[in-house]
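Q: Could you walk me through reading ring contacts in a model like this one?

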Amino acid sequence: MAAIGVTKFDSARVQKRGALALLASALSMTPAALAQTDAAPAPVATEPTTPPAPPPSAPEATPNDNSALQPAVEPPAQAAPTVTPSAAPPAAPPPPAATVRPEPAAAPEPPKSAFRPAAHGFQAAFRTGLLFPVGDATSQPNDTLASRYAWQVPIAVDLGMRFAQNYFVGGYLGIGFGSTGSDARLERACSDDDDDLENDIVCSAVTLRAGVQVHYNFRPDQRLNPWVGYGFGFEAASAKLSDHAQGYEETVTSSGLTYAQLSAGFDMRHAVGFGPFVEAAVGSFRRVTTDSGAALTTSRPIDDQALHAWLMLGLRLVVNP
Amino acid sequence: VSSTGQRSGRRQNPLCCAAISLLLGACTLEPGGPEYAQLSVYAENERGLVTDDACTMLPVLPGGLTVRELEFAGAFTAQLEAERESLSLRFEGVREPEELSRQFSAERLHAGYSEELSLETLDGDVFSVFLRAPCAEAP
């Protein structure tokens, strides 16, 4: 802008001297000394680190530019002497340095991709949602997992450590609550079909899973952080029938290994993290324990093992996301 | 009594009585729930020694398995293995155990069963073993 101002008034020598006076004040030079360099004013005027004040007649030259320059320009009364040919350059006091607004040094902006530093150290997550049984409990005909257990409402907690920005290593513990499955005989047995308005038959199911896991966070310092995980561990599923009317209780607990707990989701990171996830825990039962009451408990290994999976859809809350 | 001297009263509606009777008739206080398949086993020797009546329930829940060993006065034993669909009975400490072993389906036990087995222990004692379904006191 200063260079434009100087070059626009090179036809009027007097005006140029006034402009040089202003420029000299900005450069802490005398107008005379600056006049000696008049032959080559451009390098000084185009110095980007020294924003000079506009010439006194700048408002007339750029009437439309009234946003940035207007506040820095001295009132016309003070600039008038600089446009008088008879006025000696020393008579025109240079405008105070305070009228020149240096541009503030550009602060280093954080990278636009960074949102919040990646977590490190202890991290916990709480998960819930819906848990669906898939696959076979054993290789016996029609012995599917869904025939034994209905869908469940799980509550799970993950505890562990974050390190190297992207990784989480820790343990998981989950428990699910639901009802017994779709087996026809089981449904008949669990139906309380009398009219005594009492809950004579109670059929319920509980699952328990625990193990270790590792997560990889793709964008650990972003607002939206996708992640995937793998884990393995122990699992148990228990179905219980309580016949209050006939005084009989029976509990069948199947236990085994979770070979792969595959999970994926994303967290919306704020003070805590929050987001949806999906999970598939593939495993097989290896042992069954039947408790028929009256201290009659039978525990046997399962010979006809089969693969099954627990599919979980839900939301998780992350502490120290 | 009304101002006209006529007695006013609530007349019983025969339809209402019929509806109440019908509702009461539809109600039952019989307990719901499963009809258990079960088998009781007890034994009696020649001297009149009667062992306890052991009632074994077939599991109701899928995957259930009950294995039970019964001891009869220290003379012989019987092993019962009960699953949802069947129950097997084997004797040990007796002569010709294969001929005495039994296999029952759940349906057969549901329908009711009764049998008396005569067996001789390895010590020479003679017992009568009674199999009965359902149990005397169920479950």
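Q: Is B:Phe91 buried or exposed?
A: Buried means under 20% relative accessible area, exposed over 50%, and partly exposed in between (1.4 Å probe, protein chains only). Here B:Phe91 comes out buried, at 3% relative accessibility. B:Phe76 is buried too, at 2%, and B:Tyr42 counts as buried at 18%. Keep in mind that this is a predicted model, where local features need pLDDT of at least 70, side-chain atom pairs count only at pLDDT 80 or more, and totals for chains, interfaces and linings use all residues. Residues are numbered from 1 along each chain as its sequence is written, chains are lettered from A and ligands numbered from 1 in the order in which they are written, and side-chain values use heavy atoms, leaving out hydrogens and water.

Q: How many aromatic pairs are there over all chains?
A: Rings of Phe, Tyr and Trp (its six-membered ring) pair if their centres lie within 6.5 Å; planes under 30 degrees apart are stacked, over 60 edge-to-face, the rest tilted. That gives eleven pairs over all chains. One of them, B:Tyr42 with B:Phe130, is stacked, at 4.9 Å centre to centre and 20 degrees between the planes.

Q: Which parts does that B:Tyr42 and B:Phe130 pair tie together?
A: Strands are DSSP runs (E, at least two residues), numbered from the N terminus. B:Tyr42 lies in strand 1 (residues 38-45) of chain B and B:Phe130 in strand 8 (residues 126-133), so the pair ties together parts 88 residues apart in sequence. B:Phe76 and B:Phe91 make a tilted pair, 6.1 Å centre to centre with 50 degrees between the planes.

Notes:
Helix = DSSP H or I, 4+ residues; strand = E, 2+ residues; numbered from the N terminus.
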